[in-house]
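Biologist: I would like to learn how features are read from a set of coordinates, with the general idea given before the particular case. Could we go through one structure together?

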Amino acid sequence: MPEMTPENDRERDGARSYVVFRLGGEAYALEVLRVQEVLDVLAITEVPGASRSLLGVINLRGHVVPVYDLRIPFGLPEDPKPARAPSVLIVEAEEGNDSEVTGLLVDRVSDVLEFSPEQVQPAPQLGLGKTTPFVRGLIRHQDAFLLVLDVDRVFSVLASINGEGV
């Protein structure tokens, strides 16, 4: 019989890791598998004539990476005086495709946490405002909820805003 280690235990119960970030006062969770890295905001080069959601591009180890402001598709107002410098999540635009990466600007990244599939509840159909289509589920955490982000839907909306593929 194989010895039970924390790794075997995690595989058995299917726990997944999530990056927890804040945007506009809400806490969101995104599967770690889709996040390549988290950066503090670097110099973002603006792209003339780009859509409002495209903040610009950054140089990531010799690769040009577009950076989008999640506040635009979420219908959130700009934060004119953020309490701290925002973060950029470097995310795979397609699952398993690490050559297609995109930056998503968020207020801050706070944690990486593990949750079992049973802890992810379906998202309610009403009450989440403009973020509803981007929320795949809810996770009860401490005395609040984390909104589980459907990053594929975010990318398809950004593509339609920009009139192209992201």
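Biologist: Does Glu31 count as buried or exposed, and at what relative accessibility?

Modeller: This is a predicted model, in which local features need pLDDT of at least 70 and side-chain atom pairs count only at pLDDT 80 or more, while totals for chains, interfaces and linings use all residues. Residues are numbered from 1 along each chain as its sequence is written, and side-chain values use heavy atoms, with hydrogens and water left out. Buried means under 20% relative accessible area, exposed over 50%, and partly exposed in between, using a 1.4 Å probe and protein chains only. Glu31, at 11% relative accessibility, counts as buried.

Biologist: With which residue does Glu31 form a salt bridge?

Modeller: Side chains of opposite charge can pair when their charged atoms come close. The criterion for a salt bridge is a side-chain nitrogen of Lys or Arg within 4 Å of a carboxyl oxygen of Asp or Glu, and by this rule the count comes to five. Glu31 forms one with Arg16, the closest N and O atoms being 3.9 Å apart. Helices (H or I, at least four residues) and strands (E, at least two) are DSSP runs, numbered from the N terminus; Glu31 lies in strand 2 and Arg16 in strand 1 (residues 16–23), so the pair ties together parts that are 15 residues apart in sequence. Arg16 is partly exposed, with a relative accessible area of 43%.

Biologist: Which residue meets Arg34 in a salt bridge?

Modeller: The partner is Asp152, at 2.8 Å from N to O. This pair links distant parts of the chain, with Asp152 in helix 3 (residues 151–162) and Arg34 in the loop between strand 2 and strand 3 (35–40), 118 residues apart. Asp152 counts as partly exposed at 38% relative accessibility, whereas Arg34 is buried, with a relative accessible area of 5%.

Biologist: How should I read aromatic rings, and how many aromatic pairs does a search of the whole structure find?

Modeller: A pair of aromatic rings is described by the distance of the centres and the angle of the planes. Rings of Phe, Tyr and Trp (its six-membered ring) pair if their centres lie within 6.5 Å, and planes under 30 degrees apart count as stacked, over 60 as edge-to-face and the rest as tilted. The search finds four such pairs. Phe21 and Tyr28 are stacked, at 5.5 Å centre to centre and 15 degrees between the planes, and both residues are buried. The rings of Tyr28 and Phe74 have their centres 5.5 Å apart and their planes at 45 degrees, so that pair is tilted.
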